[in-house]
Each structure stands twice: as structure tokens, then as C-alpha cells.
Amino acid sequence: MSMWWSLHLRREPASVPLARRLLLGAMETAGVDPDICYDLSVALSEACANAVEHGGGEDGSDYRVTAYIDGDTCHIEVSDSGPGFVRAPRSTDPTLLTPPPAPADAEDGRGLFLIEALTDHVRYATGTGRRGAVVSFDKILKWREGAALPMAS
């Protein structure tokens with residue numbers, strides 16, 4: 001099975017549950033295991049909340065979410081027009097980007113760490129050709145008992 005969707009959303013808090021509900025509906029319809037659906041919905045919510053809070057620039061009134069299921073993998077990407085990420089300290093790889101660490105006593109700033117904990121692979125990038133951050137993550141899917149298994153793409 002292969003399916004994808006893309007959203008162009010306003011940087012408003014109400015957009016976060018909209019993106020989450022769309023993802024949950026698509027995965028439930030596809031027969032994805034509920035625990036995997038939950039993990040991905042939390043990761044997506046955190047990425048969208050970060051785009052809403054930090055994703056503004058000169059034209060930063062919106063952000064984009066793209067998700068696709070291809071076989072046994074779900075890939076999600078959230079991009080905005082905010083300041084982006086900085087290069088990793090002491091890295092010799094100029095393409096290696098990292099989010100700033102959250103202070104241990106911070107009330108917020110832990111969203112990216114939740115995304116890393118709930119998914120299998122996370123990438124951070126700066127938008128190509130413009131300012132902005134891109135957070136993308138993958139998760140290997142498990143299927144709900146009795147669901148029709150995905151067909152090869």
C-alpha cells in the first residue's frame with residue numbers, strides 16, 4: 001500500500017490537532033496498529049507545535065506537512081520559514097544540523113526529543129533556497145490484527 005497527503009497550514013495553534021486528526025484517520029483506515037498511530041500522532045503534534053511557535057519569518061504565516069505511507073514505513077516532514085537549525089558544534093560535516101538542547105529544568109523545548117524517542121529515524125535540515133527548518137521522521141509500521149496487509153508499492 002502506498003498513500004500520501006500534504007497540507008499547507010496557517011501558523012495557528014488550531015492547525016496542530018487538524019494535522020494530527022488527518023494523520024490518525026489515514027493510518028487507522030490503512031490498518032496501522034493503534035500504538036504506532038499514537039506514537040506518530042504525538043511526534044507530528046510536536047513537530048507542528050514547533051512550526052507554529054518558531055516557524056515565522058518575513059513570510060512565515062504558514063507551514064507545510066507532508067506524510068506518506070510506503071509499504072511498511074511512514075515518512076512525515078514538517079517545514080516552516082523560521083530561523084532553521086544551527087550546525088552541530090565541533091562537526092566536520094557542514095550538512096549535519098542539530099536542534100539546540102533544552103535546559104534540564106525547561107517547561108518546554110522537549111518536542112524534538114519526544115520525536116526522536118517515538119520514531120525510528122529523524123532528520124533536521126534548513127529549508128533549501130529559503131530560510132526555515134525541516135524536521136522529517138520515519139517509523140516502521142505494524143499492522144492491526146485482522147487488517148489487510150499492505151500491498152507492495
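Which hand does the crossing of α2 and α3 have? In this predicted model, the crossing of these two helices is left-handed. Helix α2 covers residues 34-54 and helix α3 covers residues 111-118. Their axes come within 9 Å and cross at roughly 155°. Angles over 145 degrees count as roughly antiparallel, and α2 and α3 therefore run roughly antiparallel to each other.

As for who touches whom, α2 brings D39, V42, A43, E46, A47 and N50 to this meeting, while α3 brings G111, L112, L114, I115 and L118. Sorted by class, the contact of α2 with α3 has seven nonpolar residues, along with two polar and two charged ones.

Helix α2 also packs against α1, and here the angle is about 155°, with the axes 9 Å apart. So α1 and α2, too, are roughly antiparallel to each other. What hand does the crossing of α1 and α2 have? This one is right-handed, whereas the crossing of α2 and α3 is left-handed.

On the α1 side, the contact is made by S15, V16, A19, R20, L23, L24, M27 and E28. On the α2 side, the partners are I36, C37, L40, S41, L44, S45, C48, A49 and V52. Split by class, the contact of α1 with α2 comes out as twelve nonpolar, three polar and two charged residues.

Next comes the empty space inside the model. Rolling a probe the size of a water molecule over the atoms shows where such space is left. How many cavities of 30 Å³ or more does the structure hold? There is one, and the volume of the largest cavity is about 50 Å³. Its lining is made up of M3, W4, W5, L23, A26, M27, A67, Y68, I69 and C74. By class, the lining holds ten nonpolar residues, with no polar and no charged ones.

Two residues turn up in both parts of this story. L23 and M27 of α1 take part in the contact with α2, and L23 and M27 are also found in the lining of the largest cavity.

Note on methods:
Residues numbered from 1 in each chain as written. Predicted model: local features only at pLDDT ≥ 70, side-chain atom pairs only at ≥ 80, totals over all residues. Heavy atoms only, no water. 1 Å grid on protein atoms, 1.4 Å probe; cavity = no way out; pocket = protein on both sides within 12 Å on 5 of 7 lines; lining within 4 Å. Points joined across faces, edges and corners; volume = space filled by probe spheres on them. Nonpolar A, V, L, I, M, F, W, Y, C, P; charged D, E, K, R; others polar. Axes fitted to C-alpha atoms, helices over the stretch in contact; angles between N-to-C directions. Helix = DSSP H or I, 4+ residues; strand = E, 2+ residues; numbered from the N terminus. Parallel < 35°, antiparallel > 145°, perpendicular 65-115°, else oblique. Left-handed = near helix turned anticlockwise from the far one by under 90°. Contact = heavy atoms within 4.5 Å.
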